Amino acid sequence: MAGACASVVAGAPARGYLRDMTEMTPLARAPRVRKPDWIRVKAPTSTGFAETKALMRRLNLATVCEEAACPNIGECWTKKHATVMILGDVCTRACAFCNVKTGMPRAVDPLEPQHVADAAAELGLTHIVITSVDRDDLPDGGASQFVKVIEALRRTTPATTIEILTPDFRNKHERAVAAIVEARPDVYNHNLETVPRLYPTIRPGARYYASLRLLESVKKRDPSIFTKSGIMLGLGEERLEVHQVMDDMRSADIDFLTMGQYLQPTPRHAAVAEFVPPQGFNAYAQIARAKGFLLVASSPLTRSSYHAGDDFEKLRAARQAQLTPR
């Protein structure tokens, strides 16, 4: 049986055009900061990694691990964990931090939901993470495809717990969220990514408070669903700005906070302003726990779906501890 967390990108990779991001990412012109030892990872060479890659190719699946150039791919794929991206691999936005291709996506694949479920069954997953590109071209932003994937998983692998990481469904999030919440994923994740001041350059197509309202809406519609969000450090944010984001998240009743180091995927993307040392991540984690999050994952290599299955069990245990009389 595969490990507790995996996610797969269904469908053959779509072809898109890459936008020149130089003008929209002035930070990319800043001098590059040398990568410290604590953020370096070994090149993947294990048998498990090769087997996972071969399986993805055989099933004609792509993975966000590859598309987003995740530094944890060697560790996760060695354990037969991969991360899921639906709705193709071409995004309608061009965020300054993201390595996923930007362009005009292909039509939604109607077979994709069952393909994801079949892959989960073959891998023997106990926890699956499903994410997607932004699909501003679709009337519902792709929400209905999330619902269909959740339904296919419930039919095919009913014991598998489901975590979704959605886009912000710009200008349509109320009806999109309502549909997805009704399908009842176990965890609903949507990343704020950075502090509000940096949105115009780092996440220009999104709105900070709209993302907060989306997560708050999930919790109001179904308090039993765990909510989760993450931010990247090292983009030029100030310490007090990070504290304010934590307060905003708690005001939206977000259960789980993830914090990781931003890594510049290519010279055309936003440059790293600083590499936050492990002790800096530990200090932020202590503050976040004091603010009342059920769970905090904070380290240079932390990513949204990193150790997601283990973290889900910790979330359940933390909630149970809250509900148990003392």
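Asp 222 is buried, at a relative accessible area of 13% (buried means under 20% relative accessible area, exposed over 50% and partly exposed in between, with a 1.4 Å probe and protein chains only). The model is a predicted one, in which local features need pLDDT of at least 70 and side-chain atom pairs count only at pLDDT 80 or more, whereas totals for chains, interfaces and linings use all residues. Residues are numbered from 1 along each chain as its sequence is written, and side-chain values use heavy atoms, with hydrogens and water left out.

The side chain of Asp 222 meets that of Arg 184 in a salt bridge, at 3.0 Å from N to O (a side-chain nitrogen of Lys or Arg within 4 Å of a carboxyl oxygen of Asp or Glu). Because Arg 184 lies in the loop between H6 and strand E6 (187-189) and Asp 222 in the loop between H8 and strand E7 (226-233), the pair ties together parts that are 38 residues apart in sequence (helices are DSSP runs of H or I with at least four residues, strands runs of E with at least two, numbered from the N terminus). Arg 184 is partly exposed, at 46%.

A salt bridge of 2.9 Å, N to O, also joins the side chains of Arg 221 and Glu 174. Arg 221 belongs to helix H8 (residues 208-221) and Glu 174 to helix H6 (residues 173-183), so this pair links parts 47 residues apart in sequence. Arg 221 is partly exposed, with 42% relative accessibility, and Glu 174 is partly exposed at 42%.

Within helix H11 (residues 308-323), Asp 311 and Lys 314 are three residues apart, about one turn of the helix; their side chains form a salt bridge at 4.0 Å, N to O.
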